[in-house]
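Q: Zoom in on one part for me, please: the side chains and what they meet. I'd like it as one connected answer, with the cut-offs spelled out as you go.

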Amino acid sequence: MRVAVSQEKCIAAGHCVLRADQVFDQRDDDGVVVLLDENPAPEQAPAVRTAAEFCPAQAIHIED
């Protein structure tokens, strides 16, 4: 799994961090998504997929 984020699309809702805090974080100044791990471990895949699904701005992209 490879993960990418679009900081330009991000609206700082924080759903990604709530679902996969080992993979996503938010900038302190504006809350925009920060990708911590572009190749998360297989056991993190369900949480990452859920984060992408719930992202209101569709700012998370996953390649298998």
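A: Cys-16 is buried, at 9% relative accessibility. Here buried means under 20% relative accessible area, exposed means over 50%, and partly exposed is whatever falls in between, using a 1.4 Å probe and protein chains only. Keep in mind that this is a predicted model, where local features need pLDDT of at least 70 and side-chain atom pairs count only at pLDDT 80 or more, while totals for chains, interfaces and linings use all residues. Residues are numbered from 1 along each chain as its sequence is written, and side-chain values use heavy atoms, with hydrogens and water left out.

Back to the sulfurs. A disulfide is a covalent bond between the sulfur atoms of two cysteines. The test for one is a pair of cysteine sulfur atoms within 2.5 Å, and by that rule the count is 0 disulfides. Cys-16 has its nearest cysteine sulfur in Cys-10, 6.3 Å away, and is in no disulfide.

Rings next. A search of the whole structure turns up 0 aromatic pairs; to qualify, rings of Phe, Tyr and Trp (its six-membered ring) need centres within 6.5 Å, with planes under 30 degrees apart called stacked, over 60 edge-to-face and the rest tilted. There is a charge over a ring, though: Arg-19 lies over the face of Phe-54, at 4.2 Å from the ring centre. The cut-off there is NZ of Lys or CZ of Arg within 6 Å of the ring centre and within 35 degrees of the ring normal.

On to the charged pairs. A salt bridge is a side-chain nitrogen of Lys or Arg within 4 Å of a carboxyl oxygen of Asp or Glu, and the structure holds 4 of them. One of these joins Arg-2 to Glu-38, with the closest N and O atoms 3.8 Å apart. It links distant parts of the chain: Arg-2 sits in strand 1 (residues 2–5) and Glu-38 in the loop between strand 3 (33–35) and helix 2 (45–54), 36 residues apart. Both ends are partly exposed, Arg-2 at 37% and Glu-38 at 38%.

Then there's Arg-49 with Asp-64, whose side chains meet at 2.5 Å, N to O. Arg-49 lies in helix 2 and Asp-64 in the segment after strand 4 (60–63), so this bridge ties together parts that are 15 residues apart in sequence. Arg-49 is partly exposed at 39%, whereas Asp-64 is exposed at 76%. Elsewhere, salt bridges that share partners join Arg-27, Asp-29 and Asp-30 into one network. Within it, Asp-30 and Arg-27 have their closest N and O atoms 2.6 Å apart; Asp-30 is partly exposed at 36%, and so is Arg-27 at 32%.

Last stop, the loops. Ala-12, in the loop between strand 1 and helix 1 (15–19), has a positive phi of about 65 degrees although it is not a glycine. Ala-12 is partly exposed at 26% relative accessibility. Ser-6 belongs to the loop between strand 1 and helix 1 too, but Ser-6 is buried at 15%. Beyond residues up to four places away in sequence, Ser-6 touches Ala-59 and His-61. Gln-58, in the loop between helix 2 and strand 4, also has a positive phi without being a glycine, about 55 degrees. Gln-58 is exposed, at 56%.

Technical notes:
Helices (H or I, at least four residues) and strands (E, at least two) are DSSP runs, numbered from the N terminus. Contact means heavy atoms within 4.5 Å.
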